[in-house]
Each structure stands twice: as structure tokens, then as C-alpha cells.
Amino acid sequence: MLRSRPLLPLLLLSLASLPALAADDAHEHHGNHPAHVHGVGKLDVALEGNTLTLHLDTPLINVVGFEHAATSGRDKDTVRAAARVLRAPDRLFVTDVAAQCKPAEIQLESAALAPALLGEKTPATAQAAPGDGHADLDADFTLVCASPGALTAIDVSGLFAAFPGFQRIDVQLATPKKQGAAQLVPGSALVPLN
């Protein structure tokens with residue numbers, strides 16, 4: 001269950017007002033869901049005080065290679081392996097050493113996957129599996145930084161290396177000093193924070 005953070009919703013709301021990034025080959029979703037594009041993930045980055053919050057929203061196929069419920073032993077093993085990698089965010093999102101950022105909380109959720117496969121100890125909110133075959137993964141990472149003023153950038157190349165299904169990651173950023181958007185690709189995966 002996500003904990004309430006007073007300023008975080010305001011920061012994320014301000015991110016939503018940034019210009020939308022164009023996406024090729026989109027699959028439209030109904031309602032308020034964003035377009036579902038294989039190979040493309042969305043990363044929201046917010047810094048509030050000493051807390052660095054990253055929210056990754058991606059088609060499930062980018063992370064595990066499929067978008068259906070994991071019913072076979074092989075699929076379950078694939079999901080567990082991906083979850084283990086995602087639960088080491090300091091290897092996926094490398095911050096400045098001087099900032100001394102440490103993982104504090106991680107939450108993984110997909111309507112197509114059992115929470116236990118993702119390493120969640122408490123059940124996620126009950127959701128129906130997507131009927132259109134386009135399942136997503138939502139991952140929330142909270143890092144606490146001893147010296148947040150030393151944060152200058154986040155290197156996301158570890159995410160591309162761990163999950164080659166990503167071709168592009170669209171980033172929206174909100175810090176006390178900067179708001180902006182960027183597109184990351186393998187070989188160019190640095191999010192400047194200043």
C-alpha cells in the first residue's frame with residue numbers, strides 16, 4: 001500500500017501538465033489510461049526534501065517478454081527473476097555517490113500478475129486482468145538521500161541493460177530546482193536533475 005506524501009501528489013500533478021511526448025505505434029486504452037507502446041516506458045522522477053521517488057509505468061512485455069498472466073512454471077520464474085532485479089533499484093537508477101541515496105521502499109504491481117510473484121508481501125488492490133491483452137507493470141521506488149543537494153543526475157542505463165525490451169523511456173521530472181521532460185534511449189540514459 002502506498003503511503004501518503006503531502007507534496008508528492010502536487011509534484012506529480014505538475015508533471016502531468018508538461019507537454020505530452022509523442023509515441024509511435026500506440027495502442028489506445030479506454031478511460032484515463034495512457035497509450036500502451038511496446039518498447040517504451042514512462043518514468044516520473046520527483047525529489048522532495050531528502051526523498052527521491054521514481055515511478056515506472058511500462059508495458060509488461062518490456063520487462064518479462066509477455067503480457068499475459070504467468071501460469072506456466074517458466075513464466076513464473078521469469079516474473080520472479082525480473083522482480084528480483086527491480087527490487088535492486090540502486091543498480092537500475094544510479095545516483096551521485098555523494099548524495100548517499102539508499103532504497104527505502106519498493107512496490108511492484110500488475111493487473112496480470114499475482115502480487116506474490118512480484119515479491120509483494122501484501123495483496124495489491126484487486127483488479128481485473130486487462131481484457132485487451134495489453135498488461136502493464138507499475139513500479140514505485142522510494143530512495144532516501146542523506147545529501148540530496150549532491151544529486152546532479154540519475155543514470156538509468158542499468159534499466160536498459162537489465163531489460164533490453166526497453167527502446168525508449170520518456171521521463172518527466174520535478175525537483176525544487178527543475179521541472180522538465182526527456183527521452184532516454186540505450187547509450188543516452190542520463191537524467192540531469194539541475
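**Notebook: aromatic pairs and salt bridges**

I looked up the aromatic rings and found two aromatic pairs in the structure (ring centres of Phe, Tyr or the six-membered ring of Trp within 6.5 Å; planes under 30 degrees apart are stacked, over 60 edge-to-face, the rest tilted). One of them joins Phe160 and Phe166 edge-to-face, with 6.5 Å centre to centre and 80 degrees between the planes. Phe160 is buried at 7% relative accessible area, and Phe166 is buried at 2% (buried is under 20%, exposed over 50%, partly exposed in between, with a 1.4 Å probe and protein chains only).

I noted that the model is predicted, that local features need pLDDT of at least 70 and side-chain atom pairs 80 or more, while totals for chains, interfaces and linings use all residues. Numbering starts from 1 along each chain as its sequence is written, and side-chain values use heavy atoms, without hydrogens and water.

I then counted four salt bridges (a side-chain nitrogen of Lys or Arg within 4 Å of a carboxyl oxygen of Asp or Glu). Among them, Glu120 meets Arg87 at 2.5 Å, N to O. Glu120 lies in the loop between strand 4 (101-109) and strand 5 (136-145) and Arg87 in the loop between helix 3 (73-86) and helix 4 (89-92), so the pair ties together parts 33 residues apart in sequence (helices are DSSP runs of H or I, at least four residues; strands are E, at least two). Glu120 is buried at 15%, whereas Arg87 is partly exposed at 28%.

I also recorded Asp170 with Arg168, closest N and O atoms 2.8 Å apart; Asp170 and Arg168 are buried.
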